[in-house]
Amino acid sequence: MAKRTFRIWRGDVKGGDFEEFQEEVSEGMVVLDMIHRIQAKQATDLAVRWNCKAGKCGSCSVEINGKPRLACMTRMNIFGPDETITVQPLKTFPVIKDLVCDVSWNYKQNRRIRPFKPKPKGEDGQHRMYQDDVDRVQEFRKCIECYLCQTVCHILRDRDKQDEFIGPRFMIRVAGLEMNPLDDDDRVPELKKEYGSGMCNITRCCTEVCPEHIGITDNGIIPMKERVVDRFYDPVVWITSKLTGKPLKRTTKAEDDAAGGKTRDDR
Amino acid sequence: MDVSELQTFEHDVLVIGAGGAGLRAAIQCSARGLNTGVISKSLLGKAHTVMAEGGMAAALGNVDSRDNWKVHFRDTMRGGKFLNVWRMAELHAKQAPARVRELEEWGAVFDRTKDGLISQRNFGGHRYPRLAHVGDRTGLELIRSLQDHGIHQGIHFHMECTALGLLKDGDRIAGVVGYWRETGRFVVFKAPAVILATGGAGKAWRVTSNSWEYSGDGLALALHAGAELMDVEFTQFHPTGMVWPPSVRGTLVTEGVRGDGGILKNKDGDRFMFKYIPAKFAAETADTVEEAERWLEGDKKARRPPELLTRDEVARSITAEIKAGRGSPHGGVFLDIASRRPADFIKRKLPSMYHQFKELAEVDITKEPMEVGPTLHYFMGGIRVDAESQMTKVPGLFACGECGAGLHGANRLGGNSLSDLIVFGKLAGDGAAEYIKGMGNSPTTDAGQIESIIRGATDLLNRESGENPYVLMDELQDLMSRCVGIVRTGEELQEGVDELEKLSKKVAKVKAHGASQYNPGWHTAIDLQSLLMVSQAVTRAALMREESRGAHTRNDFPGERDEWLKYNVVIRKAADGTLDVEKVERPPAPANLSEIANAKIEDLESGKVGKDA
């Protein structure tokens, strides 16, 4: 088969540039195979993350001809016969070396989310929930943490609002907890005040790049935004709460802690 | 080099590896009040646990209430051809249900029964539906549940950090030297207890379901530190991995394809499995196409088709067809479900297989056959540990998960690996906690040892010239695939031993180019050292075991030999750096367990046997 031209970004935090490689492509190959072939023959220290090579671990996320993709699931034959293939690290996160970037910010966001808090078990010592009730939660739990949605999200990518918005991956992480029938916690105040749910303006770029085809925006982010609106702005919900005497929790755990552990409902 | 200037962390326990076993061990250590560190070669959540599909075996009895630990134990022993460590198989069967329920407390969302309980599915070798699962992505659910729980337990995670060597104070463990992949800088972890949870060494073979990470680091670290390996001749080849395209060579094709009616054919279109039915399975296997077709149509009187024989039988048969020149164009055989089932059935029952072949091979499995061949999948053997504490022969050194030995004997049942991780991960954590409680004074690290470990790694970068690590990795994979395959002979294994000896001279001169910062060439050169040592151990153990049992098949010694059931092959590093390979007699089977494992299933279920166990 023919030789193809690759432009691969080489460098580190101090700077770098694209380097051109010509390499033979064999039938059935994916971009990650080509990177490995270049690594073995031409640039033994070319850095790239990878692991499972089957689209299940989300390690080999890069930007190929400008699109965030998994290198292991991008077949060479999707490109035109003379097309140059340009590979660069995810733009949103700081580069470490070549195609490897520092995604530790994402791990920090995950830590900010209060973990699952189980309701008490039934009398027989078992938890009961039904398949219909967990289908949606299981959709979110298909996430392989490739962070393609994080890198494409324009709030994080172009506007650098990483202090204000946790990003689509962690919006569906929260959604997966909030919609879990066994979870006994409430993260709606945090969604608004800490996780920045209002920042997302539903451009659906995250959903488009998701290799697991999770309905990030429609099934995850929008329902979470609705819960925030109901809790904070819906007059009907507010009146119902007054009439039934059930207070609306609008404070975050951090605010409660600052107030000496008291929940200040319905401010 | 001034060792005192190296970055240093102090932990009570350092866990090496962040797959299911490592994470479960770390959670336990933390729960026991220990200052716990975890290092992992990859990012958190990327370990190979993520690739597991089918489920985790635990006798919950949610789907069939007749299931209990005794039946699970009996299945495991039979699957392992009775070479399993009895006590480990007992602990595993007894504790797996509690470990699975605990995952639910930590946020795992399993598929449900219609009563709202954790659902369980059927699998090879398990008498009842026993595998808790989430579609065909159970491993992802396991690792994510442990990860999302673990990050809130005060555990220190050190990601993309590779262990280079273990430090000792006299006989005891004192810590670990590693390096950060990101910067190439070295780091010392002072820790009186170290838990190895590093997985297997599948990367020594060309066609494998394992990724670059599975280079046998834990096994090599253990040998260097004075611990022993056991049963490493038992390497599981899964019969059906993808063989084409190159990007996915070795990736698993689930047994479910055959369970749902898929058949194996050679290039002449011959349904060859009928030629390979062994005598001991003949009574339960259809011997004509006509009968196998009736089974597919649901005739309960028809016997199962030969495509559903055990993994070792099917893998051997496929290999024989390929060797006889009747293979498919890319060196496999054909697995055909397209001509057997309607398209919508296939898409509904095998969604991830449909997706996998469609995206990666451009094969529509509802229209064309798949090309498949055996793929190195799993190490039954590994580091020899005490069944109760998971401690190795070296005080303070523990092992769990795939890198540990004992639970699976000569062959592992599907579904028993994920439950292995959580059962023995927890027990290793408990073992480490008990060890530290009774330890006395803390060990100290030795600057000379640290320097020598670091020099071993920097030499690979600093030498003037030498062999290309990728080329040597290629040679090793060629060699192991050729000489230590599914079907082995003494002659080939001896050739393997000799060739490995030659290769080791080249590996001693490997040269990595470039700087130490995130340098895959250097990482490969380092991984090669472990892989080579483990390859030598596997090859020599396979040469010593002169019988065929479970996953170890010797053409020159067909069939199980009763005499060999009395022994494990145990490997140590001798003072001169070479490997000592020895037959070690197994302790006698506990009478109560032996009775259960050998009982007729009716007697076990009626309570005639094992009532008081």
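The C-alpha centres of domain 1 of chain B and domain 2 of chain B lie 33 Å apart. The model is predicted, so to speak of local features needs pLDDT of at least 70, side-chain atom pairs count only at pLDDT 80 or more, and totals for chains, interfaces and linings use all residues. Residues are numbered from 1 along each chain as its sequence is written, chains are lettered from A and ligands numbered from 1 in the order written, and side-chain values use heavy atoms, without hydrogens and water.

## Inside chain B

Domain 1 of chain B covers 240–376 and domain 2 covers 448–554. These bounds come from an automatic or database domain assignment. Five residues of domain 1 are in contact with four residues of domain 2. Contact means heavy atoms within 4.5 Å. The two domains of chain B bury about 410 Å² between them, 62% of it on carbon and sulfur atoms. Buried area is the accessible area (1.4 Å probe) that two parts lose on being put together, summed over both. B:Asp312, B:Arg316 and B:Thr319 supply 73% of the area that domain 1 buries against domain 2, more than any other three residues.

The count of salt bridges between these domains is zero. A salt bridge is a side-chain nitrogen of Lys or Arg within 4 Å of a carboxyl oxygen of Asp or Glu. Helix α8 (residues 311–323) of chain B gives the most to the domain 1 side, with four residues. Helices (H or I, at least four residues) and strands (E, at least two) are DSSP runs, numbered from the N terminus.

## Inside chain A

Chain A has 11 helices and seven strands. Its C-alpha atoms fill a box of roughly 75 × 45 × 30 Å along the principal axes. Of its 267 residues, 57% are buried, meaning under 20% relative accessible area (1.4 Å probe, protein chains only).

The assignment gives chain A three stretches: domain 1 (3–101), domain 2 (105–233) and domain 3 (236–267). The centres of domain 2 and domain 3 of chain A, taken over C-alpha atoms, are 22 Å apart. Their contact takes nine residues from domain 2 and 10 residues from domain 3. One salt bridge is counted between them. A:Glu255 pairs with A:Lys193 in a salt bridge, with the closest N and O atoms 2.9 Å apart. On the domain 2 side, α7 (188–193) and α9 (216–233) of chain A each give two or more residues. That side divides into two nonpolar, no polar and seven charged residues. Here Ala, Val, Leu, Ile, Met, Phe, Trp, Tyr, Cys and Pro count as nonpolar, Asp, Glu, Lys and Arg as charged, and the others, Gly among them, as polar.

## Between the chains

Chain A and chain B meet through 58 residues of chain A and 61 residues of chain B. The rule finds six salt bridges across this interface. B:Glu160 and A:Arg49 form a salt bridge, their closest N and O atoms being 2.7 Å apart. On the side of chain A that touches chain B, α3(A) has the largest share, four residues. This side divides into 27 nonpolar, 14 polar and 17 charged residues.

| Parts | Buried area | Share on carbon and sulfur atoms |
|---|---|---|
| Chain A and chain B | about 5,200 Å² | 51% |
| Domain 2 and domain 3 of chain A | about 770 Å² | 54% |
| Domain 1 and domain 2 of chain B | about 410 Å² | 62% |

How values were computed
Buried means under 20% relative accessible area, exposed over 50%, partly exposed in between (1.4 Å probe, protein chains only).
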